[in-house]
Amino acid sequence: MFRRSLVVTSLLSLSLAGFAFAADHRDAPGVDGAGEGDITDVFAFLDPGNAGRLVLAMGVNPFAIPAATPTYRFSPEYLYQFKIDRSGSAKEDFVVQVKFENTPTGQQAYVAIDTPDPNAIGAVNQRLFHPNSAIDGPTGGVFGDANSIQAFTGLRDDPFVFDLAQFNRILAGTQDVFRQIPNTPLGTLRGRLPRADGSSGVDAFGGFNASYIVVSFPVAWLGQAKIINVWGTVSAPSGEDNGYVQFERMGQPAFNTVFIPKALKDAFNQGVPSDDMARWSQFVPDALTTTDNDGTGNTISGRAGLLTTLGLASSGVGAPLLLPATFANTSKDLLRIALLPDVLRLDVTRAPTDLAIGAFGVTNGRRPADDVIDIELRLLRQLADVNLPAALKVPGSGPARPGALAPTDQRFFAVLQGTDFIRADSGLSDVTVSGNDQTFLTTFPFLAPPNPLPGDTGTTAFPNPTATVAGVDTGSN
Amino acid sequence: MSSSVEWGRCPRLPHFLCAISIIGASVGLGDVPKINADYTTDQQIKLYESWIQKDPSSIADKILLAGAYIQKTRETTDFGYLQRASKILDQVLAVKQDNEALHMRSVVELTLHHFSKAAEFAGAMVAKSPGDWQSWGTLGDAQMEMGNYDAGRAAFERMLALKPGLASYNRIGFYHFVTGDTEAGIKYLRDAAKASAQFPENKAWCLVDLGNMYFKTGRMDDAEAAYREAIAAFPASHSAHAALGSVLAARGKLEDAVTSYKRAQSITPMVQYAGALYDLYTALGKKELAKEQAGLVDIAAQLEEAAGQKANRTLALIFANQDRNLAKSLELAQADFEIRKDVYTHDALAWAFFKNRRFEEAKAHSEEARKLKTPEPLFHFHAGMIEQAVGNREAARAELDKALALNSNFDFQLAAIARQTLQGIGH
């Protein structure tokens with residue numbers, strides 16, 4: 001007898017085992033079916049042309065295909081928010097809310113900025129009532145005032161750069177590292193082979209778009225705050241008048257992807273930064289310190305020596321060390337402190353281009369071009385404690401330590417080289433350039449225009465990738 | 001541009017971070033879970049319970065816990081977990097009419113076969129949020145179960161318009177199949193299978209449903225290919241192994257069919273797999289093994305009874321097919337009919353009445369089962385046997401012909417009975 005049709009589809013979705021995606025693209029079962037609410041990345045930076053303006057950007061609709069451009073929209077049901085904490089409490093005290101309405105020709109975006117009702121912060125929110133500042137405009141272009149609120153909503157080239165396919169292969173154990181390393185004490189570590197141009201990675205996000213909300217406003221509106229915490233959220237109607245409940249969030253790139261077990265990703269997305277340390281620190285490994293914790297010389301210096309000895313700190317099979325071997329950390333909680341709560345930390349008094357790696361978090365805010373993947377890989381390979389196999393007789397191969405990554409944890413192999421080799425080896429020391437496939441704009445909205453439709457000038461002619469289509473005017477622009 | 005490293009100056013971290021790091025240290029860090037490690041449902045339950053213990057007022061955490069209990073129900077088929085989820089949702093909804101809780105509530109009610117309640121909750125959800133495609137799906141499911149097919153179709157079409165994808169394609173495909181449009185049903189199920197390509201379990205589920213449509217309409221090779229593709233996609237798909245068993249049995253490969261059903265049973269001991277294995281072992285002359293499977297069916301029936309579950313059309317059909325516990329078979333089918341009046345329940349009730357020699361009631365329900373022209377060989381087989389019992393030889397012949405025309409081997413035993421009966425009637 002034909003069973004009842006997928007009564008349990010929604011239940012099934014609770015248990016779907018998706019591959020890990022980064023930065024936050026399709027990061028959890030709960031958002032896989034709702035691309036309009038699936039945050040890809042969040043950015044927070046000062047306008048490089050005017051350090052008096054804060055720029056916030058949040059993408060949804062991961063892996064948007066250029067050929068299907070008209071099908072990507074924002075959800076008129078959802079409330080998109082940038083949340084800002086100015087006090088260091090990890091609770092928002094300043095918000096940018098964005099809502100959309102469908103129109104006969106597209107969508108209209110409504111942007112509102114104000115301090116939220118203190119009774120409506122956290123995961124359950126209300127729309128701002130008579131916001132201090134508000135503008136609206138159609139999707140697909142810039143609207144507002146360059147001296148007040150300015151906004152853009154619509155498709156952009158996905159600015160994230162990562163060899164996701166190889167990363168997933170490493171996690172699955174079918175490959176070992178991003179670039180092949182012959183003749184290691186573990187044998188040949190499988191990976192991609194270098195190309196003539198000195199790169200070997202493949203940017204899985206190249207050629208794809210994402211739907212972006214970009215908002216800019218004067219930093220002065222934030223008051224006296226120096227370091228602000230920023231994160232993005234997406235919420236659905238809660239059932240109460242004007243009420244919304246959060247189902248997706250993101251702060252730092254790839255935190256949920258890398259550290260949260262797949263079964264808990266939705267729970268993480270529904271949570272709030274102020275709970276992060278208590279709830280999620282158990283999923284972040286101990287950091288190495290200046291003190292040997294297993295009798296094998298397992299210190300920051302020992303790890304740096306190991307990476308150097310294996311050639312992983314040099315171009316060819318690795319990237320330069322980001323931290324000096326003498327790095328003076330004494331807290332095994334350093335990674336937890338840097339990564340949690342999951343927010344972008346931005347010092348609004350620093351220069352817009354100042355990454356300030358490690359000054360008060362992983363980086364100072366996040367700019368579209370930052371090579372966040374290489375930064376995180378390099379920090380983790382130098383700092384994450386790993387129970388390496390005893391047979392290796394290297395720093396870290398001592399007795400088991402509960403806060404360390406397991407020896408079979410593939411994440412260690414993923415970070416080992418400190419880069420995914422998207423860029424040529426010669427440029428790996430510069431982490432301010434990610435190697436994105438499109439050129440970023442130097443002015444608002446900063447993100448690159450969406451990728452052209454297949455067949456437009458400059459695209460490749462599938463199935464012959466070597467043939468470039470020239471002079472085909474499809475009128476798609 | 002600066003990319004200098006300043007982590008050595010840790011004391012400059014904002015004050016709250018230092019405070020929180022102390023909190024983090026105090027929670028007692030265990031082994032760091034691996035990214036690919038399964039964080040089991042039991043572990044999730046334990047984690048969410050610990051959160052609720054710290055903050056009993058957290059609605060979000062209670063909803064997470066209810067979701068974990070629902071997942072545990074899927075994994076164990078122990079409805080006790082569903083009752084726990086239900087209790088938590090009651091607590092949440094007593095405080096707040098939270099949409100997620102209402103949605104989960106409707107799914108729980110649907111799973112508990114409380115169809116009118118499920119429709120009530122889902123209806124309230126879509127009234128408040130017309131863009132809630134999941135609730136349109138739940139509403140449609142409930143309406144279909146209650147036999148309200150027009151309402152079911154309307155809900156599924158709204159869902160499809162809002163969210164074309166795996167869940168909506170599968171549902172609208174099922175609607176088309178049930179209402180007699182096999183080709184549309186197959187087309188949508190193919191779309192569903194494509195849409196679920198990234199999710200092995202869902203893909204397998206859709207392929208099994210697609211294979212079932214092929215099987216029921218006689219496209220045996222396509223059915224077998226779909227089932228095998230489902231197994232390749234998700235080897236733990238018990239329904240795919242069982243479905244493959246049904247094709248193999250129909251092809252006369254009874255030993256291979258046993259292997260497939262045993263595999264399905266080892267993954268999830270569904271009562272229908274025990275019923276099928278009973279039939280197969282009986283046909284193979286393996287009486288002791290058949291008896292074991294009958295015993296499993298009986299245990300399932302006892303557990304259902306102990307749990308207060310009176311309605312079960314699947315069990316009713318198994319008992320009726322095995323010509324035993326016929327009074328119980330009718331009781332189970334009648335109880336199911338109290339809560340849902342779709343064509344499948346009409347058919348099960350018709351067959352139970354037939355086996356209890358209440359032919360006129362059987363005939364009435366069989367006619368209801370066939371009113372949508374659903375291409376179900378069993379509906380026509382049951383109808384043919386009932387018509388024959390009441391002396392309508394022409395109608396009996398016509399129905400048995402229809403069953404065999406849809407699939408000449410729709411069931412390795414029943415198809416043979418259909419042919420014998422036709423011979424007796426004088427084909």
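The following dialogue concerns a predicted model and the reasons behind some of the terms applied to it.

Reader: Why does Phe421(A) count as buried?

Author: A residue is called buried if 20 or more other C-beta atoms lie within 10 Å of its own. Phe421(A) has 29 C-beta neighbours inside 10 Å, and therefore it counts as buried. Phe421(A) is placed in the loop between α10 and β16 of chain A.

Reader: Which residue of chain B has a positive phi although it is not a glycine?

Author: Asn325(B) has a positive phi of about 50°. Asn325(B) sits in the loop between α17 (313-321) and α18 (326-339) of chain B.

Reader: Why does Asn325(B) count as buried?

Author: The cut-off is 20 or more C-beta atoms within 10 Å. Asn325(B) has 20 such neighbours inside 10 Å, so it counts as buried.

Reader: What kind of peptide bond joins Leu340(A) to Pro341(A), and what is its omega?

Author: The bond from Leu340(A) to Pro341(A) is cis, with omega near -5°. Pro341(A) belongs to the loop between α8 (334-339) and β15 (344-347) of chain A.

Reader: Where is Pro445(A) found, and what kind of peptide bond joins it to Phe444(A)?

Author: Pro445(A) lies in the loop between α10 (410-415) and β16 (460-461) of chain A. A cis peptide bond, with omega about 10°, joins Phe444(A) and Pro445(A).

Reader: Which residues touch the most other members of the largest nonpolar core?

Author: That core holds 259 residues, and those touching the most other members include Leu56(A), Val230(A), Tyr227(B) and Ala230(B). Two residues are in contact if their C-beta atoms lie within 7 Å. Beyond four places in sequence, Ala230(B) touches, among others, Ala204(B), Leu207(B) and Ala240(B).

How values were computed: Residues numbered from 1 in each chain as written. Chains lettered and ligands numbered in written order. Predicted model: local features only at pLDDT ≥ 70, side-chain atom pairs only at ≥ 80, totals over all residues. Helix = DSSP H or I, 4+ residues; strand = E, 2+ residues; numbered from the N terminus. Buried ≥ 20, exposed ≤ 12 C-beta atoms within 10 Å, placed from the backbone. Core = buried A, V, L, I, M, F, W, Y, C linked by C-beta atoms within 7 Å.
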